[in-house]
Amino acid sequence: MKFINFSWRRETKTWISLLLFVFLYSNAIQAQTYCTPQGTNSSHFINNFSTSGGLQNITNNGSGFSPGGYGVFTGLTVGQEQNASVNFSADFVDGTYGFRIWVDWNQNGTFEASEVAYNSTSYSSSHTGSFSVPNNAALGPTRMRIVAHW
């Protein structure tokens, strides 16, 4: 059985009218050079994020805004096999948002346009959906970035 494990850390950043939420998965991939977001808007943030349908799942509800826009949640893990799906749910504070998820499937340290795993088609105070782990995804710890934008 091949599967991908995600343990995660959340970061937030306000950048050109985007409230950027970053879920960075696993300390084991810290050697990769990803941008380091910073956030200052404590009125707009993802308050709840959870997954289901994985071999392991995340439940991080009521997390609130992290000081400096940066929260570490490496004790939480979502894992899934290649060609299988992960369901997710996200709730936002103070407004409606579009929502996007990138996963660095090839683990090259860059979130590429081809790695958008989910892209909402509307603005809402919450989003639910799912994405599939591709067959060619690199095995092991992988990072995921989540963006809420208004």
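Trainee: Which residues is S50 in contact with, leaving aside its neighbours within four places in sequence?

Mentor: This is a predicted model, in which local features need pLDDT of at least 70 and side-chain atom pairs count only at pLDDT 80 or more, while totals for chains, interfaces and linings use all residues. Residues are numbered from 1 along each chain as its sequence is written, and side-chain values use heavy atoms, with hydrogens and water left out. Contact means heavy atoms within 4.5 Å. With neighbours within four places in sequence set aside, the contacts of S50 are I58, T59, N61, N87, F88 and S89.

Trainee: Is S50 buried or exposed?

Mentor: S50 sits in strand β3, residues 45-52. Strands (E, at least two residues) and helices (H or I, at least four) are DSSP runs, numbered from the N terminus. Buried means under 20% relative accessible area, exposed over 50% and partly exposed in between, using a 1.4 Å probe and protein chains only. Since S50 has 18% relative accessibility, S50 counts as buried.

Trainee: Which side chain does a polar contact join to that of T51?

Mentor: T51 is also placed in strand β3, and its relative accessible area of 9% makes T51 buried. Not counting residues up to four places away in sequence, T51 touches several residues, including I58, V78 and V86. A polar contact is a pair of N or O atoms within 3.5 Å; within protein, one must be able to donate a hydrogen and the other to accept it, and residues adjacent in sequence count only if both atoms are side-chain atoms. At 3.2 Å, the side chain joined to that of T51 is the one of N57.

Trainee: Which strands stand at the edges of the open sheet of four strands?

Mentor: The order in this open sheet is β4-β3-β7-β10, with antiparallel pairing. Two of the strands each have a single partner strand, so one side of each is left without a neighbour in the sheet. Those edge strands are β4 (59-60) and β10 (126-132).

Trainee: How many residues of strand β11 are buried?

Mentor: In a regular strand the side chains alternate between the two faces of the sheet. In β11, residues 144-149, M144, I146 and A148 point one way, while R145, V147 and H149 point the other way. Both groups are buried, and the count for β11 is six of six.

Trainee: What is the bridge partner of I101 in β11?

Mentor: Strand β8 (residues 98-103) runs antiparallel to β11, and six bridges join them. The partner of I101 in β11 is I146.

Trainee: How far apart in space are P134 and S85, C-alpha to C-alpha?

Mentor: P134 lies in the loop between β10 and β11, and counts as partly exposed because its relative accessibility is 23%. Leaving aside neighbours within four places in sequence, P134 is in contact with Q82, N83 and W105. P134 and S85 are 49 residues apart in sequence, and in space their C-alpha to C-alpha distance is 9.2 Å.

Trainee: How many residues apart are F45 and F65?

Mentor: Rings of Phe, Tyr and Trp (its six-membered ring) pair if their centres lie within 6.5 Å; planes under 30 degrees apart count as stacked, over 60 as edge-to-face and the rest as tilted. By this rule there are eight aromatic pairs. The F45 and F65 rings have centres 6.0 Å apart and planes at 55°, so this pair is tilted. The pair links distant parts of the chain, with F45 in strand β3 and F65 in the loop between β4 and β5 (70-71), and their separation is 20 residues.

Trainee: Are F45 and F65 each buried or partly exposed?

Mentor: F45 has 9% relative accessibility, so F45 counts as buried. F65, at 23% relative accessibility, counts as partly exposed.

Trainee: How far apart are the ring centres of F92 and Y97?

Mentor: The planes of these two rings stand at 55°, so the pair is tilted. F92 is buried at 9%, and Y97 is buried at 1%. The ring centres of F92 and Y97 are separated by 5.0 Å.

Trainee: How many helices and strands does the protein chain have?

Mentor: Of its 150 residues, 48% count as buried. Among contacts between residues at least 6 apart in sequence, 73% join residues at least 24 apart. The secondary structure of the chain comes to zero helices and eleven strands.

Terms used
Two strands pair if DSSP finds at least two bridges between them.
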